[in-house]
Amino acid sequence: MSNTFIIFIYIFAVYGFSNMMVFGSGPFKIFETIRYISSEISTHFSKVFSCMMCLPANIGLICSLVNWFLIPNISLTPFNILLGGTNLWWLALIGDCCFTSGVVWIIHNIETFFENIGNGISNNQ
């Protein structure tokens with residue numbers, strides 16, 4: 001498979017998972033339960049599971065860790081594709097964290113923009 005295709009699949013998979021975790025209830029209300037339990041632990045954890053910028057950053061970090069250390073023969077995250085032959089695992093972790101958070105945030109804002117247009121809401125003040 002081409003690297004561009006892998007990156008697109010990665011982007012849409014992470015966006016879909018983040019969207020389900022932040023806004024969805026899930027089967028048997030599992031995502032609502034995770035958000036509730038995290039809010040009972042601390043306010044920091046509740047923000048992680050309710051923010052479309054925070055959660056993808058953590059997902060990107062976890063995906064990069066799993067890809068770099070557990071399945072290093074297959075590059076699945078963008079910075080593991082770029083830095084796969086090097087020993088710059090720490091740079092790949094930071095890069096995947098930032099890339100994932102940024103891309104999901106952009107997609108989320110585009111979606112929100114078009115939802116607001118569809119609902120007749122204007123941001124002009």
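The axis of a helix is here a line fitted to its C-alpha atoms over the stretch in contact, and the angle between two axes runs from 0 to 180 degrees between their N-to-C directions. The structure is a predicted model, in which local features need a pLDDT of at least 70 and side-chain atom pairs count only at pLDDT 80 or more, while totals for chains, interfaces and linings use all residues. Residues are numbered from 1 along each chain as its sequence is written, and side-chain values use heavy atoms, with hydrogens and water left out.

The chain has six helices and zero strands, where helices (H or I, at least four residues) and strands (E, at least two) are DSSP runs numbered from the N terminus. Its C-alpha trace spans about 50 × 35 × 30 Å along the principal axes. Of its 125 residues, 30% count as buried, a word that stands for under 20% relative accessible area, with exposed meaning over 50% and partly exposed in between (1.4 Å probe, protein chains only).

Helix H1 (residues 3–23) has 21 residues and reaches 30 Å from its first C-alpha to its last, close to the 30 Å expected at 1.5 Å a residue, where the expected span is 1.5 Å times one less than the number of residues. Which residues of H1 are buried? They are Ile6, Tyr10, Ile11, Val14, Tyr15, Ser18, Met21 and Val22. Seen down the axis of H1, these buried residues fall within an arc of 160°, so they line one face of the helix; the arc is that of the directions from the helix axis to the C-beta atoms. An α-helix has 3.6 residues a turn, so residues three or four places apart point the same way. On the other side of H1, Phe12 and Phe23 are exposed, whereas the cover over its buried residues includes helix H2 (30–41), H4, helix H5 (78–83) and H6.

In the loop between H1 and H2 lies phenylalanine 28, which has a positive phi of about 60° although it is not a glycine. This phenylalanine 28 is exposed, with a relative accessible area of 86%. Lysine 29 lies in the loop between H1 and H2, and its phi is near 55°, a positive value in a residue other than glycine. Most residues other than glycine have a negative phi.

Next come two of the covering helices. H4 and H6 pack at an angle of about 145°, with their axes 7 Å apart. Their contact (heavy atoms within 4.5 Å) is made by residues including Gly60, Leu61, Ser64 and Phe69 of H4 and Trp89, Leu93, Asp96 and Val104 of H6.

The last topic is the aromatic rings. Rings of Phe, Tyr and Trp (its six-membered ring) pair if their centres lie within 6.5 Å, and planes under 30 degrees apart count as stacked, over 60 as edge-to-face and the rest as tilted. By this rule the count comes to two aromatic pairs. The rings of phenylalanine 69 and tryptophan 89 have centres 5.5 Å apart and planes at 65°, so this pair is edge-to-face. It links distant parts of the chain, with phenylalanine 69 in helix H4 (residues 54–70) and tryptophan 89 in helix H6 (residues 89–118), 20 residues apart. Phenylalanine 69 is partly exposed at a relative accessible area of 46%, and tryptophan 89 is partly exposed at 35%. Phenylalanine 113 and phenylalanine 114 form an edge-to-face pair, 5.3 Å centre to centre with 70° between the planes. Phenylalanine 113 is partly exposed at 44%, while phenylalanine 114, at 53% relative accessibility, counts as exposed.
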